[in-house]
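This report describes a single protein chain. The sequence and structure come first, and the description follows.

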Amino acid sequence: MRLPWYILDFLGLKNTYSEKDLENAILAELESFILDGKDYYIDLLFYHRTLHRLRHRTETWRV
């Protein structure tokens, strides 16, 4: 299976690989990313229907 419109070099797969190989490589990268022990910040923007205003909130996650 080859997906030429995606850049998957960071997964370390060979030129031909199965869907299961792709799935395992993506899951391994996600696990590595999640378990690296850093803080992550995400900005959230909500629309308050009653007040007719946007509300901003910043969340912090330590993984």
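Predicted model: local features only at pLDDT ≥ 70, side-chain atom pairs only at ≥ 80, totals over all residues.

## Strand pairing

Leu44 stands opposite Arg57 in β2. Strand β1 covers residues 39–48 and strand β2 covers residues 53–62; the two run antiparallel and are joined by ten bridges.

Four residues lie between the strands of this hairpin.

## Secondary structure

The protein contains one helix and two strands. Their order along the sequence is α-β-β.

## Overall dimensions

The radius of gyration of the protein is 19 Å, whereas a compact globule of 63 residues would have a value near 11 Å. The C-alpha trace spans about 55 × 30 × 15 Å along its principal axes.

Of the contacts between residues at least 6 apart in sequence, 9% join residues at least 24 apart.

## Burial and surface

Of the 63 residues in the protein, 11% are buried, where buried means under 20% relative accessible area. The accessible surface amounts to about 6100 Å², and carbon and sulfur atoms account for 56% of this surface.

## Charge

The protein carries 9 positive and 10 negative side chains.

Notes: Residues numbered from 1 in each chain as written. Heavy atoms only, no water. Rg over C-alpha atoms; globule rule 2.2 N^0.38 Å. Buried < 20%, exposed > 50% of the residue type's maximum accessible area, 1.4 Å probe, protein only. Contact = heavy atoms within 4.5 Å. Areas by Shrake-Rupley, 256 points an atom, 1.4 Å probe, with all protein chains shown as cover. Lys, Arg positive; Asp, Glu negative; His and termini not counted. Charge placed at Lys NZ, Arg CZ, Asp CG, Glu CD. Pairing = 2+ DSSP bridges.
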